[in-house]
Amino acid sequence: TVATCIIVGCAAISALIDGHTQTEAYRRLRQMAMHDGLTDLPNRTSFIHELEQRFVIRGGYPCMAVIMMDLSRFKVVNDTYGHQAGDQLLIALAARLAAMLRPGEYIARLGGDEFSAVVSYGDHGELLDFLERLKAACDAPFVFERFTAAIGANIGIALAQVDGDDADSLLAKADLAMYRAKSAHSNEPCFYDSQMDDAIKTRR
């Protein structure tokens, strides 16, 4: 009967709506789980997954680098203008970083003022170009209604196959190189150097 057809039709539509709602809810939950709540950049979990995948699937790029970065004068902004100002700066920086990305480049916020990137590339010049863009994004002043800030960053780099063949090793060595840049108060990116960075590791 017509009434039966209407009931069956309504049930089918309801099932489709429920299925769509569940799919959308799952998508939102996954987005929350894999992205930083403040900046919407990928988070640490997402970054580790991406890095491990790149060891498996090269994507046509012969070379890969891991970059660790923390902001030089971020604490000054927090202490002077408050944590809300610090959050505002992080959101603005994240927008700059997301806008500068090209194929093969991936940036995540690990927490606080720490960021990490993985870059797959064809030749060393492409990596140097990424580092220049990264440095420029951090060095350019941030101008807000209530305050202006110039922060800069400490940047460390480790190269796949040269410095390590797994995600943990590269992250640790990029972190050591970043710590060396920080200790030297250097605004220039530092590549991992086993002699120099092993000495820093021993001191730490």
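**View 1. The largest nonpolar core of the predicted model.** In this predicted model, the largest nonpolar core holds 34 residues, and those that touch the most other members are Ile67, Met69, Leu71, Leu89, Leu97, Phe130 and Leu134. Two or more residues of this core come from each of S1, helix H3 (74-81), helix H4 (83-100), strand S3 (114-121), helix H5 (124-139) and S6. The element that gives the most is H4, which supplies seven residues. Another core lies apart from this one and has 20 residues, including Val66, Tyr106, Leu110 and Ile200.

**View 2. The surroundings of Leu89.** Leu89, one of the residues that touch the most other members of the largest nonpolar core, is shown here with its contacts. When neighbours within four places in sequence are left aside, Leu89 is in contact with Leu71, Phe74 and Val77, and also with Phe142, Phe144, Ala149 and Ile151.

View 3. Five strands form an open sheet with mixed pairing, and their order is S2-S3-S1-S6-S7. At the edges stand strand S2 (105-111) and strand S7 (190-191); each has a single partner strand, so one side of each is left without a neighbour in the sheet. In general, strands of a sheet pair through backbone hydrogen bonds, and the pairing is either parallel or antiparallel. Strand S1 (residues 63-71) and strand S6 (residues 153-159) run antiparallel and are joined by seven bridges, and Met69 stands opposite Ile155 in S6.

**View 4. Arg109 and its polar contacts.** Arg109 lies in strand S2, and this residue counts as buried because its relative accessibility is 11%, which is under 20%. The side chains of Arg109 and Asp36 are joined by a polar contact of 3.0 Å, while the side chain of Arg109 also reaches the backbone oxygen of Gly112 at 2.9 Å. Leaving aside neighbours within four places in sequence, the residues in contact with Arg109 are Asp36, Leu38, Thr39, Leu41, Pro42, Asn43, Arg44, Leu90, Glu114 and Phe115.

Conventions
Residues numbered from 1 in each chain as written. Predicted model: local features only at pLDDT ≥ 70, side-chain atom pairs only at ≥ 80, totals over all residues. Heavy atoms only, no water. Pairing = 2+ DSSP bridges. Helix = DSSP H or I, 4+ residues; strand = E, 2+ residues; numbered from the N terminus. Buried < 20%, exposed > 50% of the residue type's maximum accessible area, 1.4 Å probe, protein only. Polar contact = N/O pair within 3.5 Å; in protein donor to acceptor, adjacent residues only side chain to side chain. Contact = heavy atoms within 4.5 Å. Core = buried A, V, L, I, M, F, W, Y, C linked by side-chain atoms within 4.5 Å.
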